[in-house]
Amino acid sequence: MPFNYPVLFPLLEELIKEFRMQPSNQWITDFKSYVSSMPVYYYMPLRVALRRLGVPASLLALIPDTPDGMYFNNMLKSLKVQAKTEATRYMDQIKKKKVLCVDTTASRTLR
């Protein structure tokens with residue numbers, strides 16, 4: 001779920017009503033955890049929405065401007081593994097076809 005509303009709304013309600021835009025350390029920890037569970041392409045829309053609510057810039061700074069480097073490194077690693085697996089499978093299929101083609105032409109020439 002991109003915006004996990006059952007988690008986000010209580011956090012925002014707590015920030016506005018209880019803390020009056022001055023959150024506790026526990027709230028900051030919970031909010032950071034929420035942001036880290038979100039897809040990175042939702043960072044900017046969340047920042048815009050929170051800015052409209054009047055959330056101070058110091059709290060908006062908890063949402064990264066750019067996606068975390070680890071996210072992209074992990075994604076790149078998994079894509080490399082997937083590409084290597086698919087390339088190996090594809091090359092094996094080509095080799096099998098060549099062997100079949102060579103075998104059929106060899107059997108024709110023997111006759």
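Predicted model: local features only at pLDDT ≥ 70, side-chain atom pairs only at ≥ 80, totals over all residues.
Residues are classed by relative accessible area, with buried meaning under 20%, exposed over 50%, and partly exposed in between (1.4 Å probe, protein chains only). On this scale Glu13 is partly exposed, at 45% relative accessibility. Residues are numbered from 1 along each chain as its sequence is written, and side-chain values use heavy atoms, with hydrogens and water left out.

The protein contains five helices and zero strands, where helices (H or I, at least four residues) and strands (E, at least two) are DSSP runs numbered from the N terminus. Along the sequence the pattern reads α-α-α-α-α. Of the 111 residues, 20% count as buried. The accessible surface comes to about 8,600 Å², and carbon and sulfur atoms hold 60% of that surface; accessible areas come from the Shrake-Rupley method with a 1.4 Å probe, and for residues only the protein chains shown count as cover. Among contacts (heavy atoms within 4.5 Å) with a separation of 6 or more, 56% join residues 24 or more positions apart.

One salt bridge is present in the structure, defined as a side-chain nitrogen of Lys or Arg within 4 Å of a carboxyl oxygen of Asp or Glu. The partners are Glu13 and Lys17, with their closest N and O atoms 3.7 Å apart. Both residues lie in helix H1 (residues 5-18), four residues apart, or about one turn of the helix. Lys17 counts as exposed, with 59% relative accessibility.

Six aromatic pairs are found in a search of the whole structure. Rings of Phe, Tyr and Trp (its six-membered ring) are paired if their centres lie within 6.5 Å; planes under 30 degrees apart count as stacked, over 60 as edge-to-face and the rest as tilted. Phe3 and Tyr5 form a tilted pair, at 6.1 Å centre to centre and 40 degrees between the planes. The pair of Tyr5 and Phe9 is also tilted, because the planes stand at 35 degrees, with the ring centres 5.2 Å apart. Tyr5 and Phe9 both belong to helix H1, four residues apart, about one turn of the helix. Phe3 counts as buried at 16% relative accessibility, whereas Tyr5 is partly exposed at 40% and Phe9 is partly exposed at 49%. Ring pairs link Phe3, Tyr5, Phe9, Tyr41 and Tyr42 into a cluster.

Arg47 is located in helix H3 (residues 43-53) and is buried, with 10% relative accessibility. Leaving aside residues up to four places away in sequence, Arg47 touches Leu60, Ala61, Ile63, Pro64 and Asp65. Ile63 also has its C-alpha atom 8.9 Å from that of Ser36, the two residues being 27 residues apart along the chain. Ser36 is in helix H2 (residues 25-36) and is exposed, with a relative accessible area of 56%.

Phe72, Met75 and Leu79 make a nonpolar surface patch of about 260 Å². Patches are made of residues with over 30% relative accessible area and no salt bridge, like charges being joined within 9 Å and nonpolar side chains (Val, Leu, Ile, Met, Phe, Trp, Tyr) within 5 Å. Phe72 is placed in helix H5 (residues 69-110) and is partly exposed, with a relative accessible area of 41%.
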